[in-house]
Amino acid sequence: MKRVILLFVLALGVLSCNNDNDKAKTEENSNIENKEQAVLSVDQLLEQKETLVDKEVVFKGTVDHVCKHSGKRAFVFGSSEDLRIKIEAGGEITGFDAELIGGDIEVKGTLKEFRIDEAYINQLEDDMKEEHDGKGDGEGHEEEEEQLKKEEQVKKLRQELALTDKGYKSVYHVDGISFRKLD
């Protein structure tokens, strides 16, 4: 009788191990499916941005702009050019080629938030004042025009900040891990 009970307990142990393995495989397959299904549009990414900060995302969109100086940044837009997000090269991405402009890409990366608050704007303004001491160097109007653009940018940021209830304005970008061309 003891042998029968012992065999019964062993059989239950083996069966429970198989169930745990099956359950683990099912969860693993589910995770793989979820990762494969989680390709968002730029519109969807921007709609869910506050819940996706610091999380890995996969999204697709049309390349609008590639930084011509370094190639380390690109902008991708969704259903309209107003719905766009910046991608910073990182991970497997060494840079973006200007030939991507106008084409569709799928990007894997981590969504990041940068908060612009009063302290940031004040620092930006102080930096501008240090750069531009008010004395002309005789180089022409380009420096003056650049200074006016920066002042206008600070003014615009202050206006946008005044409209928020949070006390800061969020700017989102993606730290890229990898991308592939879809065309």
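## Tyr120 and the aromatic pairs

Tyr120 is partly exposed, with a relative accessible area of 32%; here buried means under 20% relative accessible area, exposed means over 50%, and partly exposed lies in between, with a 1.4 Å probe and protein chains only. This is a predicted model, in which local features need pLDDT of at least 70 and side-chain atom pairs count only at pLDDT 80 or more, while totals for chains, interfaces and linings use all residues. Residues are numbered from 1 along each chain as its sequence is written, and side-chain values use heavy atoms, with hydrogens and water left out.

A pair of aromatic rings is described by the distance of the centres and the angle of the planes. Rings of Phe, Tyr and Trp (its six-membered ring) pair if their centres lie within 6.5 Å; planes under 30 degrees apart count as stacked, over 60 as edge-to-face and the rest as tilted. By this rule the count comes to two aromatic pairs. In the pair of Phe96 and Phe179, the ring centres are 5.2 Å apart and the planes stand at 35 degrees, so the pair is tilted. This pair links distant parts of the chain, since Phe96 is in the loop between S4 and S5 and Phe179 is in strand S6, 83 residues apart. Phe96 is buried at 6% relative accessibility, whereas Phe179 is partly exposed at 27%. The rings of Phe114 and Tyr120 have centres 5.1 Å apart and planes at 80 degrees, so this pair is edge-to-face. Phe114 is partly exposed, at 38% relative accessibility.

## The chain as a whole

The chain has five helices and six strands. Helices (H or I, at least four residues) and strands (E, at least two) are DSSP runs, numbered from the N terminus. From the N terminus on, the order of the elements is α-β-α-α-β-β-β-β-α-α-β.

Of the 183 residues of the chain, 26% count as buried. A contact means heavy atoms within 4.5 Å. Among the contacts in the chain with a separation of 6 or more, 68% come from residues 24 or more positions apart.

## The largest pocket

How much space lies in the largest pocket? The space is about 440 Å³. Pockets are found on a 1 Å grid over the protein atoms alone, with a 1.4 Å probe: a pocket is an open set of points with protein on both sides within 12 Å along at least five of seven lines, and lining residues have an atom within 4 Å of a point. Grid points are joined across faces, edges and corners, and a volume is the space filled by probe spheres set on the points.

The largest pocket is lined by 17 residues, and Arg84, Lys169, Ser170, Val171 and Tyr172 are the closest to its centre. Two or more lining residues come from each of helix H3 (49-52), strand S4 (84-88) and strand S6 (168-181). S6 gives the most, with five residues. The lining holds seven nonpolar, two polar and eight charged residues. In this grouping Ala, Val, Leu, Ile, Met, Phe, Trp, Tyr, Cys and Pro count as nonpolar, Asp, Glu, Lys and Arg as charged, and the others, Gly among them, as polar.

## The second largest pocket

About 330 Å³ of space lies in the second largest pocket. Its lining has 14 residues, and those nearest its centre are Ile116, Tyr120, Leu124, Gln153 and Leu157. Strand S5 (104-117), helix H4 (118-131), helix H5 (141-162) and S6 each supply at least two lining residues. The lining divides into seven nonpolar, one polar and six charged residues.

Val58 is found in strand S2 (residues 56-66) and is buried, with a relative accessible area of 17%. Apart from residues up to four places away in sequence, Val58 touches Ala38, Val39, Leu40, Glu106, Val107 and Lys108. Val58 and Gly109 are 51 residues apart in sequence, yet 6.6 Å apart in space, C-alpha to C-alpha.

His173 is found in strand S6 and is buried at 18% relative accessible area. Leaving aside neighbours within four places in sequence, His173 is in contact with Ile85, Lys86, Glu88, Thr110, Leu111 and Lys112. The side chains of His173 and Asp175 are joined by a polar contact of 2.9 Å. A polar contact is a pair of N or O atoms within 3.5 Å; within protein, one must be able to donate a hydrogen and the other to accept it, and residues adjacent in sequence count only if both atoms are side-chain atoms.

## An exposed loop residue

Asp54 is found in the loop between H3 and S2. Asp54 is exposed, at 51% relative accessibility. The phi of Asp54 is near 70 degrees, a positive value in a residue other than glycine.
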